[in-house]
Structures are given as C-alpha cells and as structure tokens.
Amino acid sequence: MSTMRNLSFDAIIIGGGGSGLRAALELAKSGKKTAVLSKVFPTRSHTVSAQGGITCAIASADPNDDWRWHMYDTVKGSDYIADQDAAEYMCTEGPKAVFELEHMGLPFSRFDNGRIYQRPFGGQSKNFGEGGQAARTCAAADRTGHALLHTLYQNNLKNNTVFLNEWYAIDLVKNAQGDVVGCIALCIETGEIVHVKSKATVLATGGAGRIFASTTNALINTGDGIGMALRAGFPMQDMEMWQFHPTGIYGAGTLVTEGCRGEGGYLINKDGERFMERYAPNAKDLAGRDVVARSMVMEMLEGRGCGENGDHVMLKLDHLGEEVLQKRLPGIVELSKTFAHVDPAKEPIPVVPTCHYMMGGIPTNVHGQAIMQDGDGNDQIVNGLFACGEAACVSVHGANRLGGNSLLDLVVFGRAAGMFIEGALNEGIDYLAASQSDIDASMARLNRWNESSGGEAVAELKAELQDVMQNDFGVFRKEENMQNGVRKLSDLRERIANAHLSDKSNTFNTARVEALELDNLLEVAEATAISALERKESRGAHSRYDYPDRDDVNWLKHSIYFPVEKRLGKRDVNFTPKTVDTFEPKVRTY
Amino acid sequence: MVTNVTNFSRSGLSDWLVQQVSAVILALYALLMVGYFLFHPGLDYATWHGFFSQTWMRIFSLLAFIALAAHVWVGVWTVITDYIKPIGIRFAAQIVLILAIFVFLVWGVQILWGA
Amino acid sequence: MLQVSIYRYNPETDSAPYMQEFQVDTQGRDLMVLNVLELIKQQDSSMAYRRSCREGVCGSDGMNINGTNGLACVTPLSDVVKSNKLVLRPLPGLPVVRDLVVDMGIFYKQYERIQPYLQNDTTPPAIERLQSPEERDKLDGLYECILCACCSTACPSFWWNPDKFVGPAGLLQAYRFLADSRDTAARERLAELEDPFSVFRCRGIMNCVAVCPKGLNPTRAIGKIRELLLENAT
C-alpha cells in the first residue's frame, strides 16, 4: 500500500478516557507534538460512567487521614499482590493529582468548610485497619467519572491537544528490533487507513468487560490495547483477576455505585436479612468487593436469593430518605428508575454481582513503560510502548481493586506516563524506522477481514464468546469448566479467523470496527482463561472451588501470560516500598 | 463574538432590551386604544381628531411609532437572518426593511404633527 | 412484531436517503430503543449508529425517535411507540454522515467557542480551592450535560444559524463557568456573548428543555446569562 498516508507525532495516545487524557494533557502542556486517537469522541469514553468517586487521602473528611493508611488498605485489598512501590507512588502522588483536577475545575461536592466532600467506600480503614471505617472517596455527587472526564477533555482543549476522534487503532507497528514505533489506524468516518508514526505509543484503551455476557462496562470496552499488545507478542499480567461488582442492576447490568453502601445502604436477602453482617462482621457491606460479591453468590446458592429464581439480592436505600438520595445519589435514582423500574426512595433495587473491572493488563513500571521478560525471567523494558489506566497493570490493584482507586490510578499514572515521556523526548528518542514488511505485518488482520468472502457472522461469534466467559470464568471457578472453556475458546479462535465481514464500505462502517473488536475480545478472553486455569489457588477476585485457599508459598506472585506460547509464567511482586515498611501478607478479613 | 453591521444597535443586548421596552410601550398604547374605542361606541371623525390633537396623545403616539419602528427592525431583521441565506438577497431585504421603516415613521410624524 | 422504519443513507451507494422498514421481534419485552437497533444490526450489519455506555451518561446515541430527540439507550419502547410503529431518524439539522450518524463538528465547535474550561490565573493553594456547598449548588443542573446534542438539534434557532448561535448545549456550559465561584473570567466570557446571535437568538421556546434526556434546563441558563449581561452593561 504505497499510497497510505503517514502522520507523525512525538507521542500518540490511544484512548481518550481518563488516563489517556491525563497523559495527553501533561504532554500538550510541555509543547510536545501529541495526539489522542480515540474510537469515540473522548467524553463518550467509559470513564464517564464512574460514579462514586476518587479515593485519596486528601485529609478533608478526616484531617488526620494518612496516605499510608490508604496504601495499607490498597495492599490488603489486593490480597497482597499489588506492587508495594507502585501502591506507595499512587497514594503519595494522589493528593497532588486530585488537587490538580480541582484546580482544573472539576465540580467536586463540598463539605460545609468548603473542602472536597469525601464518602466512605469499601475496604477503607483508619490507622492500618485498627481505627474503623474511613471516608476517603472524593466525590462529585454520584457522577465523579463524568465530571472528571469532562474536566480533562476541557483542559486538553485549553492546551490545544490534537484529537483524532473516531479513529480506531488496528495494530501496533514494530521495527526490526522489536521497538514499538507507532500504529496502523482507521479513520472511521472516511475509512482511510493511516500509518501513525510516533516516538512513544501509549495504550490507554481501558478495560475489556465485554468479554463477559453481563457487565457494567460500556459497549466499547473491548480490550483493544490488550489485543494489540498480545498480537505484537507482548505479555499480560494477572489476567485472571476480574472484579465482579456486587451491585450491577439485575437484568440490565448497569452499575449502582458502592457509594450507595458508603452513604448507608445495605444488601438484604429474601428474608430481609442484612447478610453481610455474617460474612464480614466489622466492615459489613463495606468489605472488599470480592468478599461482598462472593457472599452474595453464597446467599443465592444456599437458597436465600430474591425473586422467582432466587438469582439476585436487594440493595436497600429507602431508609436514607429522599433528600440524601437526591443530594448524594441523584444518578442512581435515575438509573434504577430507568433500568430496574424501581424508585430507591421507596423500594430496594435488585442487584447481582456483575463483571466490572480488569485488574490485570499490560505490565508496566510506575512510569508507564511496558515490561516484558527476557529469557531468564528478568524484567525488560519494551522500547516505545507505554500503558496506563485500566489497560495497564502497574500493579496497584493486585487481585482485587478497591472502590475509587481506579479513578486515582487513571490520573496518577496517566500523569506519570506523560511526565516520563516528556523527559525521554527531551533526552532524545531515536528508533529504527519501520520497514514496509513491518507495516504489512500490522495490516494483516485488517486485510484478512476485508478479503473475507464467507463464514460466520461477527455478532453470533461474539455472543458465543461472551457466554463461554460468563459460564466458565465467573465469580466461582472450577478446573473442569475452565478446561472446557479454554477448549471452546481455541475452537472460537479458528472460527473467528474464518469469519465474515459482509459490509466492506468505507464511510462510518461500524461493522468493520466490530469485527476488529472481536479479534481483541478473543485475545483478552483467551489470556484470561489460560491465566485463570493455571493459577491454582484462590486469591482476591479469583476463587476456585478446587483450590479454595490462598497459597502464598507458590502464588504470592503476579501471573504473566505469554501469548506466543500461550504459557503462564510468574513474576515477582514488589515488596520494597521506598519510604514505609513492607506490609507483610496477613490473613484477609473484614 | 459574532459581528454584523445591519442590525439595530450592533449589540444583541441592546437589541434585546429595545425589543422588551418597545413591547411594553406598544402594549400600553394598544390598551389605551382598545379602552378608547370601548368608551366611544359611536365614534365620529371630530372626536377622533380632537383626541389626537392633545399634546400628550401626540407625544405618546410618536413614542409608540418609534417603538414600533425599533421593534419591527429588530424582529424582522432576526427573521431575515434566519430564513434568507444568500448574502445579496439578504442585504437587499434588510435595506428594503430599513427604508420602509423610515418612510412609515416619517409619514406617521407628518400625520400626527402636520396640519 | 414491531414495525421499525429507519433513515438510511450511505453516500457511497445511495444517491439519496430513504426510509427502510424492518420487523423486529421484541418478544413482548419493553426494550430500550438501542436494544431494538442492536436486533436490527443482527439482521443488517451495515446499519450505522453510535453507542457506547448504554446507560444514558455518554451521550453517543442521541437520535430522533418517533419525532422527538432522545437517547436510544434510555428510551423504553413504552414511552414512544404508539400503534406498534417506531420511526428512527438522525438528529435533525446536522449533516448526515451515514444512516443515524451525524456530523457533530459544528456542535462541538460552538461548545469550544465558549471556552469550556475553568479560568483562574491566581496561584492555586497547595490544597483545593475552597467552595461553599451553596456556591457548589449553583453548578447543579449545569455540569451534568453529556453533549448528546439532543437540545441543540431540537432548536430552530440552531437549525437556522448553527455557525453563529451557540445553541442551548453550549450556552448551558457557558453559564456553568459563569456560575462557578472559582472562575475569574466572567467579564471576558460575557463580552464574547453580547452580540445579536450567540445568546440572543434564543427565543425561549424551550424545545431544549422538553427533550433533554438529563432533565436539564438550558432556557433558564440562557435567561441567567442575559441577566448577567444586563448587570454587566448597566
């Protein structure tokens, strides 16, 4: 394709959600030639759906709050496989990043003294778990993600960031030495294919909840960055760790924020019993999400679920009163009326654990640099490739993310990646240019779809994939089911390789985008499945019937999945924070 | 800031204010006329002429005419810029509008104060 | 079977737009309009529309549903379908790219024109800028806008002068920053809005209020901007 147009940037950021926009803002302010390439207009990114808030020890609700307590909660919440240097970085840099957002105009809710409103969230404690429940989640009513995403987009406009909106990245381009030197992208509106050259390529493509049939995630969350990195041969970390949010609206899957429980709501079973008191006597409904989700499933399995089929439980909010609901949770009132046909001021909301967040992703250091392993299992930086946000696994969330830590992750590590890339660009980056055959390699799957003349339809294959993941890799996992699931995915891989794109037009062809997304869903699903099958223990969000206990002897490790051999290896967890003592693994109770 | 030269005051705020104030004046004037007709069922020319010979009525009528001229200018200019897109035709329509308002205003003054 | 009639246009193959009829089996469920579109896309994968969050917060799927603008993902059939017929058209007044996808360029341009970001050149404190709950309350009903364009494309003033009239969505955001106690650029912002088009093309017919899927009130915000302009000028 000698006619293909080239675009050239210092840094290209793929993804226009919270982390991508935060990274872009840092680079745009520094005057680097930066572009954000996003398959949707940036404010349509999934960050917009975040509700409850951004957790950070800004010492507003409690003047004595301490980032070390936040770090302790984060590490405990992760079931001890968060990297402690990364958690330390996030919790120390967090307040700066949050105050910056406020200075940019984010409309946080306020306390009477004018400071940012903070609410209690799950897994939060004072004094290293000894001082009771903390209130550490900074909120803009229950629309924090919306407020955050719009604020970041607005400030990128202010700083003249270049936006390639409604462009879709197809694959990374690697040079002969394996450095990432850009990507191939599709302008959705015109169908033009462009080679985007860049000295730094940042994957900020978010999560991939759409591998499951039921998810709180947006329809666009198809793991495009993960798919691209896997196809380029780069490893993924902790991909078995998927968070199931306790309160997805039954039937619809839409999220109801943990902030509901933070404000005083609680879960009840069909007998009206507040069952979390049995599972987590201290934190109750504000235990870690993995704990609450599992307890809910246990209630249903033991016949105490609600409804005809006993397949959900209820979230009770009516005792909070109309005024609190309107003031603190207006979006939830709206959502439950729309999707559950329930007015939470009068009746409880039917909820069920629903796939919500990918703790795993592209392994990176705190600067966002992507990491792979050399032949001896040592970490090695991937030149030119960066990741941040949900697509990355720094890892601050380990085996289970705490509520409100994702928004903090976005801004802290988006900012960190931007700062690091700025420095690297100042020192000078010079990689070998991609050859024609390198570019052709990245065009392969697009060409495959464009030349397809028959085969199965994308929508059916996608539905089948989602059912496999839903049935075999849900809240509780079983060896036999998972083996079955892995086999079905390998069969699906073959069928997807022969699937058909019937619409070959160029103008705003969403069928082509969905076909390309299916490839990515498959990559993420398979990485998840193989990682889940191979991690033979239960930790955080990964619960197995056959290995019900945590195994710190063998598995106090990150899992690392190598796509070429489809093999699962291990990677050491960092236990050496710089300024505090190591938080040693303990039995995790709430 | 969107710039333009043919509107009434070159300022959206002044135009808007003029339209509000002129509307009030026209409403009062209309009320007066309706009231006058109600109280004079068998109105003849002499009474009518006498009514308009009083100085206060002449001043109020002139005010109402000016208000009407301004109100029409702002209103019709808005309609023209909404619906007529070709610049030549739009400009011509605006000139016709302004001339017509001018002619009617002068004519009105002549009727009120003349003879 | 639900009768669905959809506006189709692909510039590569169609010389003119046309309405295409579909039959959709809803199995008696009260689906959202977006779910109906998904079922249609399974019949005909060439159907183009935007969607993302599917819960009414991202603003992707604004379209004209049985004659009224709304978000497909939060509009249940029971709200709009009379006599078993659903008619879907792109948002009115913007150029159609393909099917239900419109070119929102001019809508975004008007948003950008009002400088939609906080302006405050004073050195910020080491913590957040303080704002009382009462001051913060003034932003309620303003900051929640999702830029879906349902309001601006329901506004005749925006249809006639999309290049000069900011439109209800942009003006709602203009007022969001004017109303923010932390913003110090009110005078400059107002100076940019004082001409006969940017704000004053609003004739107060409240189409915007009637269609806003988030229940916001741009007409009230426009009234407030007029008050501020007046205060500033007299």
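C:Arg201 pairs with B:Asp82 in a salt bridge, with 2.7 Å between the closest N and O atoms; the term covers a side-chain nitrogen of Lys or Arg within 4 Å of a carboxyl oxygen of Asp or Glu. Across the interface of chain C and chain B, the rule finds one such bridge. The model is predicted, so to speak of local features requires pLDDT of at least 70 and side-chain atom pairs count only at pLDDT 80 or more, while totals for chains, interfaces and linings use all residues. Side-chain values rest on heavy atoms, without hydrogens and water, residues are numbered from 1 along each chain as its sequence is written, and chains are lettered from A and ligands numbered from 1 in the order in which they are written.

Chain C brings 18 residues to the contact and chain B brings 17 residues, contact meaning heavy atoms within 4.5 Å. Together the two chains bury about 1,700 Å², of which 60% is on carbon and sulfur atoms; buried area is the accessible area (1.4 Å probe) that two parts lose on being put together, summed over both.

Turning to chain A, the UniProt annotation "modified residue: Tele-8alpha-FAD histidine", from an unreviewed entry, covers A:His46; UniProt positions follow the numbering used here, feature names are shortened, and annotations may be inferred rather than shown by experiment. Leaving out residues up to four places away in sequence, A:His46 touches A:Thr216, A:Asn217, A:Ala218, A:Ile220 and A:Asn221.
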